[in-house]
Amino acid sequence: MSGALYARALQYLPGGVNSPVRAMRSIGRDPIFVERAQGAEIIDVDGNVYVDYVCSWGPLIHGHAHPAILEAITGAARAGRPSARPPRARSSWPRRSWRRMPAGRHAADDLVGTEASMSAIRLARAATGRDKLLKFAGAYHGHVDGLLAEAGSGLATQGHPSSPGVPDAATATTIVVPWNDPDAVERALAEHEFAAILAEPYPANMGLVPPADGFLELLRDRATATARCSSSTRSSRASASRAAAPRS
C-alpha cells in the first residue's frame, strides 16, 4: 500500500513528499506512509511497526498520543484560540520559558524554525550593526536563503548556494567552516566581524555529530567576546558622532 500511496503522491507533490527530509532517498528506499502512532512506535499503512527515534525532531519527547497532552490539546481546541488576538496563555508561557532559560529576558514564539532563524539573524544584525554570519558545513537552520550555503575548498570560505534558486548575493555574507574545528573558527573570527554564530549543539542533518569536548564552550566564549567588542565599537562611534555634530 505504501508503494501505491507514493505513486499517487508523486503526481501532486515534488518528489512525492512535502519536505526533502522525508524522501528517504539517501538510505535507498521509498518514503514510509504512516497510518498511526502510539508512544514510541509508529505503524505504517502496511502494518510495519517502527521505533520512532526522530520524535518529530524533538517536540514529541513524551511520545505519540500521550493521554495528558491529548487532553490539554482537546481542551484548548474546545475553548477556542483566536491567533489574531493574544490568548490568556500567551502571558504565562514566556515566564515558564524564562525560568528554564534565564539568560533571555524576553521570548517570542514562531510557527517554524525558519521563522525563528530569520528573527534571530535580524535581531543579531540590528544589535551588532554587522552583516556577516558564521555557520558550519552540513548544518541546517531552516529555509533561509542566506543559510542555504555550504563550505568551499578552504577552511573558512564564502558561502556558496547549495540549492537552485538561491542567488550568490544571498549567501555572500555567510562564512562556512567545518564543525568541531576550533582552528577554523578562530581563523574566521580573526578575518571577519560577525553578527552571529549559528550552531546546533548536536547537528542532525550531517548525521548527528556530537560536539568535541570544549567546542560549544569555545563558541559561547567567542560569541560573547565579539558581542562586547561590537557594543564598545557602537558606543565609540556614537560618541564620535555627537562630538562632531555642529553646535547651535
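Analyst: Rings of Phe, Tyr and Trp (its six-membered ring) count as a pair if their centres lie within 6.5 Å, and a pair is stacked with planes under 30 degrees apart, edge-to-face over 60 and tilted in the rest. A search of the whole structure by this rule finds three aromatic pairs. The model is predicted, so local features need pLDDT of at least 70 and side-chain atom pairs count only at pLDDT 80 or more, while totals for chains, interfaces and linings use all residues. Residues are numbered from 1 along each chain as its sequence is written, and side-chain values use heavy atoms, leaving out hydrogens and water.

Take the pair of Phe136 and Phe215, whose ring centres are 5.7 Å apart with planes at 70°, so that this pair is edge-to-face. Phe136 belongs to strand β4 (residues 132–136) and Phe215 to helix α7, so to speak two distant parts of the chain, 79 residues apart, linked by the pair; helices (H or I, at least four residues) and strands (E, at least two) are DSSP runs numbered from the N terminus. Phe136 counts as buried because its relative accessibility is 1%, and Phe215 counts as buried at 2%, where buried means under 20% relative accessible area, exposed over 50% and partly exposed in between (1.4 Å probe, protein chains only).

Phe215 also pairs with Trp179: their ring centres are 5.0 Å apart and their planes at 80°, so this pair too is edge-to-face. Here again distant parts of the chain are linked, since Trp179 sits in the loop between β8 (174–177) and α6 (182–191), while Phe215 is in helix α7, 36 residues apart. Both Trp179 and Phe215 are buried. Taken together, Phe136, Trp179 and Phe215 form one aromatic cluster.
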